[in-house]
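Subject: A structure for you to look at

Hi,

Here is the structure I promised to send over. Please open it alongside this email, and I will walk you through what turned up.

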Amino acid sequence: MIKPGSLREHLVAALPRLSESPDKLLVFIDAGRAIATGVETMSFEYRYNLNLVLTDFSGGPDDVFVPLLQWVRLHQRELLDNPQRRDEIRFEADLLDHGQVDLSITLPLTERVIVRQQEGGGIAIAHAPEPELPPAIYGTP
């Protein structure tokens, strides 16, 4: 799975507080499933909930959600484009002393894995990219 690491890298780069202490961003995969259709190829899809936990975070929630939603727009955009899925990004916060919070964010992710039989008996495995959006409309992360 590549999306958890990609989102982690994006948030650490976007949030100076995290780049100073990247260990304050915990990443968990919950309720994971591998969905295969039983067709002739061995291609399948990962489906899971990604849980991000920011500990002792002293920034505001906007500081986190703007880069998070930038990443979602490029890597899991149906969570924004599909009206039935727009409420699936969830969060909880524990308000701590001195303006700090522990912030937990959960979002459902999918990753398509393409498996192809190669000539000579080997197997080629590749993660299918998400469709690209025009940068003039959505910007880059």
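Which residues are buried in helix 3? In this predicted model, they are Val 64, Phe 65, Pro 67, Leu 68, Trp 71 and Val 72.

Helix 3 itself covers residues 61-75, which makes 15 residues. From its first C-alpha to its last it reaches 21 Å, close to the 21 Å expected at 1.5 Å a residue.

The largest pocket has a volume of about 200 Å³. Its lining is made up of 15 residues, and those nearest the centre are Lys 3, His 75, Ala 128, Pro 129 and Glu 130. Which element gives the largest share of that lining? Helix 3 does, with three residues. Helix 1, helix 3 and strand 4 each supply at least two. Sorted by class, the lining has seven nonpolar, five charged and three polar residues.

Now for two residues that are in contact with each other.

Glu 45 is found in strand 2. Is Glu 45 buried or exposed? It counts as buried, because its relative accessibility is 17% and the cut-off for buried is under 20%. Its side chain is joined to that of Arg 47 by a polar contact of 2.6 Å. Beyond its neighbours within four places in sequence, Glu 45 is in contact with Arg 33, Ala 34 and Ile 35, and also with Thr 110, Glu 111 and Arg 112.

Thr 110 lies in strand 4 and is buried too, with a relative accessible area of 18%. What does its side chain pair with in a polar contact of 2.9 Å? The partner is the side chain of Gln 76. Thr 110 and Tyr 46 are 64 residues apart in sequence, yet their C-alpha atoms are 5.4 Å apart in space. Leaving aside neighbours within four places in sequence, the contacts of Thr 110 are Lys 3, Glu 45, Tyr 46, Arg 47, Gln 76, Glu 78 and Glu 130.

Ile 2 sits in the segment before helix 1. With 51% relative accessibility, Ile 2 counts as exposed. Even so, Ile 2 touches Glu 111 and His 127, not counting residues up to four places away in sequence. The C-alpha atoms of Ile 2 and His 127 are 8.3 Å apart, although 125 residues separate the pair in sequence.

Finally, a couple of backbone angles to check. Most residues other than glycine have a negative phi, and most peptide bonds are trans. Ala 31, in strand 1 (residues 25-36), has a positive phi near 55°. Asp 56, in strand 2, has a positive phi as well, near 50°. Both count as partly exposed: Ala 31 has 47% relative accessibility, and Asp 56 has a relative accessible area of 32%.

Best wishes

Definitions and conventions:
Residues are numbered from 1 along each chain as its sequence is written. This is a predicted model: local features need pLDDT of at least 70, side-chain atom pairs count only at pLDDT 80 or more; totals for chains, interfaces and linings use all residues. Side-chain values use heavy atoms; hydrogens and water are left out. Helices (H or I, at least four residues) and strands (E, at least two) are DSSP runs, numbered from the N terminus. The expected span of a helix is 1.5 Å times one less than its number of residues. Buried means under 20% relative accessible area, exposed over 50%, partly exposed in between (1.4 Å probe, protein chains only). On a 1 Å grid over the protein atoms alone, a cavity is a set of points where a 1.4 Å probe fits but cannot get out, and a pocket is an open set with protein on both sides within 12 Å along at least five of seven lines; lining residues have an atom within 4 Å of a point. Grid points are joined across faces, edges and corners, and a volume is the space filled by probe spheres set on the points. Ala, Val, Leu, Ile, Met, Phe, Trp, Tyr, Cys and Pro count as nonpolar, Asp, Glu, Lys and Arg as charged, and the others, Gly among them, as polar. A polar contact is a pair of N or O atoms within 3.5 Å; within protein, one must be able to donate a hydrogen and the other to accept it, and residues adjacent in sequence count only if both atoms are side-chain atoms. Contact means heavy atoms within 4.5 Å.
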